[in-house]
Structure formats: C-alpha cells, structure tokens
Amino acid sequence: MAAETTPKITCIQDLMSSFQESLRQRQAEYDALPEEEKQRLRDEENRKEELRKQEELLSSYKAKGIPPKFYASEWENWVCDTDDKLKAFNIVKGMAWKTNLFLCGKSGTGKTHLAMCLTKDGAKYRRLPDIFREVRTDFNSEQETIDYYGTIKLLIIDEIGRQKFSSFEYNLFFEIIDKRWNHEVPTTLITNQTEKEFLAEYGTAIIDRLRPVIVDFNWESRRESLNLDIPSPKEDDIDF
C-alpha cells in the first residue's frame, strides 16, 4: 500500500515545491523593482480593492431594492435645519426598529431618504405597487408573498395612496399588515396622504392593526425650494 501512495505524495510535494519556488521568484522580482514602481503597484492594488468593495456595495443596494438615485442617501447628509426635521429624523432613526411608523407628507420632503437609510441598515424596502406586481406575475405565490413580507424584521412600504386599490389588492395589503401585527414585527408606511386622507380612503382596519407613531413631514418640498420645474408625478415615480 505504501508503494502505491508514494508516487502521489511525491507528486504533491513536487507541486508544492514548484509553487513555493514561483512565489520566491515573484518576491525576488518585486524586491528588485525601484521604489517608485513598487508604490505604483501598491496603488494599483489599492485601487482594484476599492473598486471591488464599491461593486459589492452597489450589488447589496440593488438586492435591498435601493434605487440608484438614493445610493448617496445617508443619515449624515439628512439636513436637520428645523426643529420639525430634527424631530422626524430622531423618530425614524431611533424608533423604526421598535415600533410602527406612518411617514406622511407631500413629495420632496425627504421621507424616502430616511427610508433608504433604514434599508441600508438592514430593513426591507418595497413600493406597494411592486408587491402587487409580484403576486400578479404568479398568483400561486400569494401566500408565499404574504408569509415573506409578513415576517421580515422591518418592512418599509412606500408609494401608498398613489393608486386606487382593487379589492384583491386591499386584501393582500391587509393580510401582510395583519401577519406582521400577529408576529409583532415593526412596519413603516410612507404616503403623500395625511392620516385623515388615508383613513378616509382605506378605512381604519390597517391603522388599527399598526397604531403607528405619526411622523408628519409638514415642511416645504425640496423640489419647491429649489424651484424645480417637474411635471406631475406618475404612479411609478419615487419620492425624494
């Protein structure tokens, strides 16, 4: 038996020796380079590593559902230039992982900016129309969709109130909220409607399940303050 294994062992040893010799040669060649060339190679390696990290980060953003226009949204660049904005910032950052929130206010006031910060911290962000599309693509996935969105740790649902619900869509939305209520996991809803408008359109069943902290983004739209000439939003538009 020993005689049969010896050639294999010898082959492995030869490969290891060849590999080690190759490493020694590379190191010797590197050591012989001028210091300027060594620095250039180090800089090139650092640049490649930085690009690799950026690609991994962008891939994680895409997987979390973060649109490209929000890649730069961070807690640090939220502008707290009024007491109301500071209050909204503190509630969202400090309470979203522990209780239900209802972010309401007109477009351009920063609701989705803060939602993206939570998403980068690990929350799941979805636009409500996209959840509906997931089920329409495969109606057999309805229960799977409810089970998934009904149990993840923190769910942020945006674009509520941009469209009229069919009875099927309303029931799907309610089932997700109801399951989250039963599992005691927090939900953040984002809408351009006021709480009163939301209740008038969708009734009290969803709000009664959540009993959320209302965060009113009641300041001027950033679009208006910048005098941007922007057409009326379409259903698929995403807020600032």
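## Starting at the end of α2

Just after helix α2, G65 takes a positive phi of about 85 degrees. Helices here are DSSP runs of H or I with at least four residues, strands are runs of E with at least two, and both are numbered from the N terminus. This is a predicted model, in which local features need pLDDT of at least 70 and side-chain atom pairs count only at pLDDT 80 or more, while totals for chains, interfaces and linings use all residues. Residues are numbered from 1 along each chain as its sequence is written, and side-chain values use heavy atoms, with hydrogens and water left out.

How far does α2 reach from its first C-alpha to its last? The helix has 30 residues and spans 44 Å, close to the 44 Å expected at 1.5 Å a residue. That expected span is 1.5 Å times one less than the number of residues.

Let's look at charged partners next. A salt bridge is a side-chain nitrogen of Lys or Arg within 4 Å of a carboxyl oxygen of Asp or Glu. A search of the whole structure finds 14 salt bridges. In one of them, R40 pairs with E37, and the closest N and O atoms are 2.7 Å apart. Both residues lie in helix α2 (residues 35-64), three residues apart, which is about one turn of the helix. An α-helix has 3.6 residues a turn, so residues three or four places apart point the same way.

R52 and E49 form another salt bridge, with their closest N and O atoms 2.4 Å apart. Because R52 and E49 are three residues apart in α2, about one helical turn separates them. This pair is also part of a network of salt bridges that links E49, R52 and E56.

## Buried or exposed?

How open are these residues? Here, buried means under 20% relative accessible area, exposed means over 50%, and partly exposed lies in between (1.4 Å probe, protein chains only). With a relative accessible area of 45%, R40 is partly exposed, and E37 is partly exposed at 26%. R52 has 35% relative accessibility, so R52 counts as partly exposed. E49 is partly exposed too, at 33%.

Now compare a salt bridge elsewhere in the chain. The side chains of R127 and D130 meet at 3.1 Å, N to O, and both of these residues are buried. K111, in helix α4 (residues 111-120), has 0% relative accessibility and therefore counts as buried. What does the side chain of K111 reach? At 2.8 Å lies the backbone oxygen of G105.

Helix α6 (residues 142-149) and helix α7 (residues 167-183) have axes that come within 8 Å and cross at roughly 40 degrees. That makes α6 oblique to α7. The axes are lines fitted to C-alpha atoms, for helices over the stretch in contact, and the angles run from 0 to 180 degrees between N-to-C directions. Angles under 35 degrees count as roughly parallel, over 145 as roughly antiparallel, 65 to 115 as roughly perpendicular, and the rest as oblique.

The crossing of α6 past α7 is right-handed. In a right-handed crossing the near helix is turned clockwise from the far one by less than a right angle, and in a left-handed one anticlockwise.

Most residues other than glycine have a negative phi. Which way does E159 go? Its phi is near 65 degrees, a positive value in a residue other than glycine. E159 sits in strand β3 (residues 155-160) and, at 4% relative accessibility, counts as buried.

R211 is not a glycine either, yet has a positive phi of about 45 degrees. This residue lies in the loop between α9 (205-210) and β5 (213-216), and its 65% relative accessibility means that R211 counts as exposed.

## Pairs apart in the chain

The loop between α9 and β5 also holds P212, which counts as buried at 13% relative accessibility. P212 and T188 are 24 residues apart in sequence and 8.2 Å apart in space, C-alpha to C-alpha.

Y30 belongs to helix α1 (residues 2-31) and is partly exposed at 26% relative accessibility. How far is Y30 from L41, C-alpha to C-alpha? The two are separated by 9.6 Å and lie 11 residues apart along the chain.

Definitions and conventions:
Polar contact = N/O pair within 3.5 Å; in protein donor to acceptor, adjacent residues only side chain to side chain.
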